[in-house]
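Open the model in your viewer and get ready to select residues.

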Amino acid sequence: ALEKFGSVPMSELANPAASAEQFWRPLRQALPDVERRLGIVAGGLYRGAAWVGCMGHYVGTFERDWLGLPATRGVVAVRFAEGHEVRDGKIARSYLFVDFLDLMRQTGYWPIAPSLGREMQWLSPRTHDGVLLTPQDETASRRSHEFIIRLHSGIDASEGRPLSREVMDDIEVEDARHFHPNFLWYGAAGIGTTRGIKGFDDYHGHPFQAAFPDRGSRDTTHFIRISDGHYAITGGWGYLQATHSGQDFLGLPATGKHVLMRVMDFYRCDDATICENWVPFDIPHVLMQLGVD
């Protein structure tokens with residue numbers, strides 16, 4: 001099994017032994033009473049392969065130093081997300097995101113500018129039905145898939161356009177079509193959680209677009225794009241790419257550097273809109289590309 005970690009300082013690990021040595025064993029040593037708390041588990045087919053996406057927290061007592069972070073002897077909730085390709089009943093390839101920046105926040109170390117959104121533990125789905133272990137309604141799965149395709153098509157249509165007030169208004173109108181008025185957007189540490197379209201646009205959407213006005217996407221870098229009932233999951237390894245030519249993203253001045261971004265999206269939909277969106281995003285990887293270790 002190949003494991004790719006969308007989580008600096010982890011990297012690509014080519015076999016289970018390397019994964020055990022560099023990630024799983026240190027995790028168990030750092031949090032000896034660790035529990036795997038799942039918020040979402042969903043499956044589907046993408047490009048002829050079976051995929052399963054998972055999202056949740058590793059919860060336990062931080063008893064031993066990990067990755068240079070001193071143990072607190074208190075409880076931590078380590079945010080994770082995964083995309084697994086399954087062949088013949090076994091995991092063949094995995095993409096893992098672990099929010100180490102959020103672990104730094106919980107231990108009292110914050111290395112970058114304050115987040116615009118609210119830093120908090122990610123909530124489980126409001127409907128408490130995200131762990132899907134039985135077949136879901138095909139009509140609901142198809143509808144969720146269509147929501148996500150329309151959303152991504154709208155984002156793609158705005159790529160490369162100068163961020164004028166007119167463009168910003170167009171984006172807000174497009175967002176309003178897709179999202180529930182009270183939808184919750186759970187951003188990775190460094191960005192934070194927001195509420196509603198205005199909260200998303202004010203605290204992430206517009207600052208991100210201003211910092212990366214030429215943002216673009218490459219569909220070939222999607223590793224997962226599935227829908228399962230009212231849930232949908234997408235993920236890209238370098239899917240988003242852009243030049244950092246605007247100010248203030250993560251508190252940084254423009255660097256002019258071109259970056260590739262590792263990101264996943266977990267969506268909960270109702271019959272007409274997207275209600276919640278969790279976004280694992282390897283912020284330390286972006287920072288390294290911008291010259292910040």
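A residue counts as buried when its relative accessible area is under 20%, and as exposed when it is over 50%; in between, it is partly exposed. Keep in mind that this is a predicted model.

Stop 1: Select Tyr58. Is Tyr58 buried or exposed? Tyr58 is buried, because its relative accessible area is 6%. A pair of aromatic rings is described by the distance of the centres and the angle of the planes. Trp24 and Tyr58 are edge-to-face, with 6.3 Å from centre to centre and 80° between the planes. Trp24 sits in helix α1 (residues 16–30) and Tyr58 in strand β3 (residues 49–61), so this pair ties together parts that are 34 residues apart in sequence.

Stop 2: How many aromatic pairs does the whole structure hold? The search finds 18.

**Stop 3: the cysteines.** A disulfide is a covalent bond between the sulfur atoms of two cysteines. The count here is 0. Select Cys54: its nearest cysteine sulfur, in Cys269, is 18 Å away. Cys54 is buried, at 7% relative accessibility. Next, select Cys275. Its sulfur is 7.0 Å from that of Cys269, too far for a bond. Cys275 is buried too, at 9%.

**Stop 4: a surface patch.** Select Leu38, Val131 and Leu133. They make a nonpolar surface patch of about 280 Å². Val131 lies in the loop between α2 (100–106) and α3 (138–158). Val131 is partly exposed, at 39% relative accessibility.

Conventions: Residues are numbered from 1 along each chain as its sequence is written. This is a predicted model: local features need pLDDT of at least 70, side-chain atom pairs count only at pLDDT 80 or more; totals for chains, interfaces and linings use all residues. Side-chain values use heavy atoms; hydrogens and water are left out. Patches are made of residues with over 30% relative accessible area and no salt bridge: like charges are joined within 9 Å, nonpolar side chains (Val, Leu, Ile, Met, Phe, Trp, Tyr) within 5 Å. Accessible areas come from the Shrake-Rupley method with a 1.4 Å probe; for residues, only the protein chains shown count as cover. A salt bridge is a side-chain nitrogen of Lys or Arg within 4 Å of a carboxyl oxygen of Asp or Glu. Helices (H or I, at least four residues) and strands (E, at least two) are DSSP runs, numbered from the N terminus. Buried means under 20% relative accessible area, exposed over 50%, partly exposed in between (1.4 Å probe, protein chains only). Rings of Phe, Tyr and Trp (its six-membered ring) pair if their centres lie within 6.5 Å; planes under 30 degrees apart count as stacked, over 60 as edge-to-face and the rest as tilted. A disulfide is a pair of cysteine sulfur atoms within 2.5 Å.
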